[in-house]
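Hi,

Have a look at it below, then read on for what turned up.

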Amino acid sequence: MAVFAEEVNLAGYTTLRLGGPARRFVEATSEDELVAAVRKADDAGEPVLVLGGGSNLVVSDDGFPGTVVHVGARGVERTAGDGDTVLVRVRAGEDWDPFVARCVSDGLAGVECLSGIPGRVGATPIQNVGAYGQDVSETIVEVRAYDRQARSCVILDRDQCRFTYRHSVFKGNDRYVVLDVTYALRETEESQPIKYAELAKRLGVQPGERVSLKEARDAVLELRRGKGMVVDAADPDSRSAGSFFTNPILTAGQLAGLERRVAERLGPDAAFPRYPEADGRTKTSAAWLIDKAGFAKGHALGPVRISTKHTLALTNPGGAGGASTADLLALAREVRAGVCEAFGVELVNEPVMVGVSL
Ligand SMILES: Cc1cc2nc3c(=O)[nH]c(=O)nc-3n(C[C@H](O)[C@H](O)[C@H](O)COP(=O)(O)OP(=O)(O)OC[C@H]3O[C@@H](n4cnc5c(N)ncnc54)[C@H](O)[C@@H]3O)c2cc1C
């Protein structure tokens, strides 16, 4: 049965351990409870925040002046697809990493490089979760959602999800409440081809080669732990929302501007990371820009700091009560302004802002 409470502190529900109270809080353990809670708040004209694992959220110190619905509906159903494909439908409240671990042990390939990412399944389509050369747009075949405009359940296929890098139709749009996600996975003990150079190196293979699912998962977890990117109560660097900024994708004009600024700042022979995008633009590395703008790992502003293991994560090392969201935003603004001044590139936040903006 759904549990209702008032004035619940959201810091306890975010990996940053930041955020003020929710006026109302509903723990929805089934799809019916989830839809009923959202409908009730909509009928009352109350703002709604759908909450998963709280690992991609920056919540205002003032909290949330409406109903927070915590998605807890669980369940995994497996059906045969074409050839060696298996369709796995997963309810939104399942925790993501245990699901990945189960796929790996059951011999299902397609999500092994997404090991160690915190949060729940229902959030994976929101920003097209990705890491180490994989993202969920490669495996998601459909998303079933409650459409708050139509007040009914709808199914969105992959095209309708409009997945791009860390984006989809769902991000920045509170129309849909994800109820379940169907992934098409391959029944095999072998990983999908390893695309990410750092991971291939760790595995001792060439990019494009395959390894066992378990080897891929273990190597990803090891790399992630080394960067504080696995949530671990014993690791203050993991008190974050993961990468705080997305990697900038530059037009030809912006790229030329960056080339000029890099040469001015670091010398005519200086190179910077560049990855061609299918649409002709070029992605560069936010972590590289932050580092070269002069922000070292561990750079602190009051009680918050850049992770000591990874330049792209902003952390609240002291945990609950250690800092405020205002502290975190001050650091984020300092970093964003420093990168803009050094390189003319405007960094954009990856986590979802609730009641605040950068
Ligand atoms: C240490 C660490 C490492 C990370 N590494 C990565 C990484 O490698 N790659 C990556 O892509 N992300 C990464 N992240 C970010 C985060 O884990 C993912 O974005 C994750 O999918 C968020 O899931 P969540 O359940 O915690 O979502 P929440 O933080 O609870 O919510 C995020 C957004 O999704 C919405 N939402 C959540 N559930 C639903 C639903 N059922 N229906 C509709 N909207 C919903 C929320 O309203 C909010 O807008 C990392 C975070 C941390 C803390």
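**Around the ligand**

The ligand has 35 residues around it, and those that come nearest are Val50, Gly53, Ser55, Gly130 and Arg224; a residue counts as near if one of its heavy atoms lies within 4 Å. Please keep in mind that this is a predicted model, in which local features need pLDDT of at least 70, side-chain atom pairs count only at pLDDT 80 or more, and totals for chains, interfaces and linings use all residues. Residues are numbered from 1 along each chain as its sequence is written, and side-chain values use heavy atoms, with hydrogens and water left out.

An oxygen atom of the ligand lies 2.8 Å from a backbone N or O atom of Gly52, and a backbone N or O atom of Gly54 is 2.9 Å from a ligand oxygen atom. At Gly130, a polar backbone atom is 2.8 Å from a nitrogen atom of the ligand. On its own the ligand has 970 Å² of accessible area (Shrake-Rupley method, 1.4 Å probe), and the protein covers 94% of that.

Which elements give two or more residues to the shell around the ligand? They are β3 (48-51), β9 (130-131) and β13 (176-187); strands are DSSP runs (E) of at least two residues, and helices (H or I) of at least four, numbered from the N terminus. By class, the shell has 19 nonpolar, 12 polar and 4 charged residues, where Ala, Val, Leu, Ile, Met, Phe, Trp, Tyr, Cys and Pro count as nonpolar, Asp, Glu, Lys and Arg as charged, and the others, Gly among them, as polar.

**The second largest pocket**

This pocket has a volume of about 490 Å³. (On a 1 Å grid over the protein atoms alone, a pocket is an open set of points with protein on both sides within 12 Å along at least five of seven lines; a cavity is a set where a 1.4 Å probe fits but cannot get out; lining residues have an atom within 4 Å of a point.) Its lining has 26 residues, with Thr246, Asn247, Pro248, Ile249 and Val348 nearest the centre. The largest share of this lining, 4 residues, comes from α6. Domain 2 (76-226) and domain 3 (236-354) each give the lining at least three residues.

Best wishes

How values were computed: Polar contact = N/O pair within 3.5 Å; in protein donor to acceptor, adjacent residues only side chain to side chain. Points joined across faces, edges and corners; volume = space filled by probe spheres on them. Domains from an automatic or database assignment.
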